Amino acid sequence: MSEQLVYFTSATVATYLLIKIFQTLHNRLPHPPGPPPLPLIGNFHQLPKSDLYLKLKEWKDTYGPLVFVSILGSPVLYLNEYEDARELLDTRGSIYSDRPRFEMATELVQFNRSTVMSPFNRYHRAIRKLLSATFSGRRTERFEGVQERAALTFVNDVLQEPKKLVPFLRRMAGEVILGITYGYDVRASNDPIVAMAERSNAEFGQAVTVGAFLVDFIPIMKYIPEWFPFAGFQKTAALWRDHFHEATNLPYEAVKEAMARGEARPSYVADHLQDGPLSVEDEDVLKFSAMNMYTAGADTVTTVLKTFFYIMTAHPQIQKRAQAEVDSIIRAEGEDRLPRIADREKMPFVEAVLLEIMRWAPLGIPHRLSSPDVYKGYYIPKNTIVYANQCEMCQNPEQYPDPQEFRPERFLDPKNRQQDPRQIAFGFGRRICPGKELADSTIFLTMAILLATCTIEPGLDTSGQEIQPVAEFNWGLVW
Ligand code: HEM
């Protein structure tokens, strides 16, 4: 054997032994602390049906910033502090950016083709590259006209029929997102594209409900053919898959046809089709990511603006101060115009109201760890589902004194800068929300236009008494 070969063989054996020793040491390290699990079900029985955030708070108070549980055999880690989320989900993002896999939702129905459920792979990277070319940084500024039109239509509609506030808000969010993604004008009622997207979104919600489908616990069942007795889930999966593809293809094909007629408006899809036809793979990347912008973004924007309405009715003095600030800019020096996004820097109080609203963040969307890791002396196994507990981070009293109080002024004191909650609410690392700039500017502009044109007050009951709204949050994946 040549000297070189001996050298190479010994180096390989030594490396192998080192890796083995390293793995053995890791396996001896404890998991992060958490409530003791039961055999088989783990901590499943301790998860409440609602208000999960209260249980997570209790666990945080007992076990500390990192809480490790096991849910039906799946390891789950809750990150309660911002610094841990930054370190794991951002800095170590190359291994903390996968998503949970659901046999029914992601594999059978194929929701893994949408951005939010895609595994962390080449397909996901291709999606994020395309999205970033249209949506990141200040690139959405060219769509301010779409945002302004949608906000004005909303104000007009809600002044005429205030009871339809929530459906109108949702339509406004849809109009902005579909306008920018496809150059599409949403119809005033019964819009076919919105209807299809909403149907698919509702089916997604059902498909990812833990415990709804046995195939999620017995993955081999996915090979049972559709005609087999008790294989109803296969029929459901096929139907939902068709709906998902229909919702994805229809608006995409409409843009292609409009481009062929020379009538397409600027949009995300048109941006990426203008250089000629795409390969089948690239078309998938574009059309599935386009549809997911609506399904991921409409609910969240609606919820934040609903919270704005609640805050304005609950705190009339905050509304007055915000209105005075908006008026001082748009009616200055004989002007009388609507607010624009460019006015933002001159409206620090309205900005602070927005930040304080964003502090009511929900639990984040789960990431999945794709190889084992060691952190702060704890062993975190491969496939651990990792949640940034954004809700807890935004209520941290060390960062935000009296966190339960709605106090926009907390963001105005230059000597005591408090953390921008958008750094938490839009998630982390390579999965950070790709619609964050669009969401942020849409919310700001809508708030400013509302403050410039309306006064928001509680409704009256039949005896003329004010109905005081109550804040009730459904703290799920969204809020
Ligand atoms: C205030 C409004 C919004 C909030 C608070 C919000 C928050 C989030 C959060 C927390 C995530 C998960 C990040 C992570 O996994 O760490 C996310 C992902 C996502 N958001 Fe948003 N979002 C908002 C609006 C929007 C809008 C308007 C759009 C589209 C126009 C959008 C599109 C998406 C998509 C596609 C993903 C999946 C990203 C991926 O998995 O790579 N979001 N968002």
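Which helices each supply at least two residues of the shell around the ligand?

Analyst: Happy to! Please keep in mind that this is a predicted model. The helices you ask about are H5 (122-135), H11 (280-314) and H16 (436-453), each of which supplies at least two residues of the shell. Of the contributors, H11 gives the most, with 7 residues.

The shell as a whole holds 28 residues, and the closest to the ligand are Arg 99, His 124, Arg 128, His 367 and Cys 433. Sorted by class, 16 of the shell residues are nonpolar, 9 are polar and 3 are charged.

Now for some individual contacts. The side chain of His 367 has an N or O atom 2.7 Å from an oxygen atom of the ligand. For Arg 431, an N or O atom of the side chain lies 2.9 Å from a ligand oxygen. Thr 115 takes part through its backbone, where a polar atom is 3.5 Å from an oxygen atom of the ligand.

His 367 also leads us into the strands. Its bridge partner in strand E6 is Val 386, and strand E3 (residues 367-368) runs antiparallel to E6, joined to it by 2 bridges. E6 also pairs with strand E2 (residues 74-79), this time in the parallel sense over 4 bridges; here Leu 79 has Ala 388 as its bridge partner. Within E6 (residues 385-388), Ile 385 and Tyr 387 point one way while Val 386 and Ala 388 point the other way, and all of them are buried.

Technical notes: Residues are numbered from 1 along each chain as its sequence is written. This is a predicted model: local features need pLDDT of at least 70, side-chain atom pairs count only at pLDDT 80 or more; totals for chains, interfaces and linings use all residues. Side-chain values use heavy atoms; hydrogens and water are left out. Buried means under 20% relative accessible area, exposed over 50%, partly exposed in between (1.4 Å probe, protein chains only). Two strands pair if DSSP finds at least two bridges between them. A residue is near a molecule or strand if one of its heavy atoms lies within 4 Å of it. A polar contact is a pair of N or O atoms within 3.5 Å; within protein, one must be able to donate a hydrogen and the other to accept it, and residues adjacent in sequence count only if both atoms are side-chain atoms. Ala, Val, Leu, Ile, Met, Phe, Trp, Tyr, Cys and Pro count as nonpolar, Asp, Glu, Lys and Arg as charged, and the others, Gly among them, as polar.
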